[in-house]
Amino acid sequence: MRDAQVVKQDLDYSCGASSLSTILTHFYQQPVTEEQILTDMNLTSMMASFQDLAVVSQKYGFTAKGIATNYDTLKKLKIPAIVYLNHKRSDHFSVIKSINDTHIVLADSSWGNRTLTRSQFEAMWHTRSNDNLKGSLLLILPTTTDQKSNTSLAFMEIQNNQKLLQQSVELFRFPI
């Protein structure tokens, strides 16, 4: 389950390509490999930018929109999004699968499916100095009716994981 519906990254710098591949393959059901995206971006040794991912998204018939926002607005997402994170002083892209007031589920190319508390996520996502617009994301938007109708909402369904997470405090608490 850890790696279900996640395109794992093969290279140190390919988290952006694998994040885009995860959304195209598992949400929009348009299979594209990480390797193909890297080839289309013509990147061989450096991490992609949101701009690189937006340009290559167009090659597959999608529109990409970069947004700076806050957590409360992020909670309103109805589709997965690529987020820019800085974890242990290392830049990284990941995919938001689900989000609520207290937790977020990422389909991450290096970690697999991972649930974080809001504060854990915000510590990595708050990369901007703006008081209201703390983090960045890239939305991959459909441009055709077929793309819209082929979406797999199951990609974003994680109710069982949320229930487990809510119980995890009791499940993993060890006596002192």
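Mentor: Asp72 forms a salt bridge with Arg118, the closest N and O atoms being 3.5 Å apart; a salt bridge here is a side-chain nitrogen of Lys or Arg within 4 Å of a carboxyl oxygen of Asp or Glu. This is a predicted model, in which local features need pLDDT of at least 70 and side-chain atom pairs count only at pLDDT 80 or more, while totals for chains, interfaces and linings use all residues. Residues are numbered from 1 along each chain as its sequence is written, and side-chain values use heavy atoms, with hydrogens and water left out.

Trainee: How many residues apart in sequence are the parts that Asp72 and Arg118 tie together?

Mentor: Helices are DSSP runs of H or I with at least four residues, and strands are runs of E with at least two, numbered from the N terminus. Asp72 belongs to helix H4 (residues 71–74) and Arg118 to helix H5, so their pairing links parts whose separation in sequence is 46 residues.

Trainee: Which residues are joined with Asp72 and Lys75 into one network of salt bridges?

Mentor: Lys75 pairs with Asp72 at 3.4 Å between the closest N and O atoms, and with Asp101 at 2.4 Å. Lys75 sits in the loop between H4 and S2 and Asp101 in the loop between S3 and S4, so this second pair ties together parts 26 residues apart in sequence. Through shared partners, the network that holds Asp72 and Lys75 also takes in Asp101, Arg118 and Glu122.

Trainee: Is Gln9 buried or exposed?

Mentor: Gln9 is found in the segment before helix H1 (15–27), and its side chain makes a polar contact of 2.6 Å with that of Ser109, a polar contact being a pair of N or O atoms within 3.5 Å, where within protein one must be able to donate a hydrogen and the other to accept it, and residues adjacent in sequence count only if both atoms are side-chain atoms. The classes are buried under 20% relative accessible area, exposed over 50% and partly exposed in between, with a 1.4 Å probe and protein chains only. Because its relative accessibility is 18%, Gln9 counts as buried.

Trainee: Which strands stand at the edges of the sheet?

Mentor: The open sheet has 6 strands in the order S1-S6-S2-S3-S4-S5, with antiparallel pairing; two strands pair if DSSP finds at least two bridges between them. Two of these strands have a single partner each, so one side of each is left without a neighbour in the sheet: S1 (63–69) and S5 (112–117).
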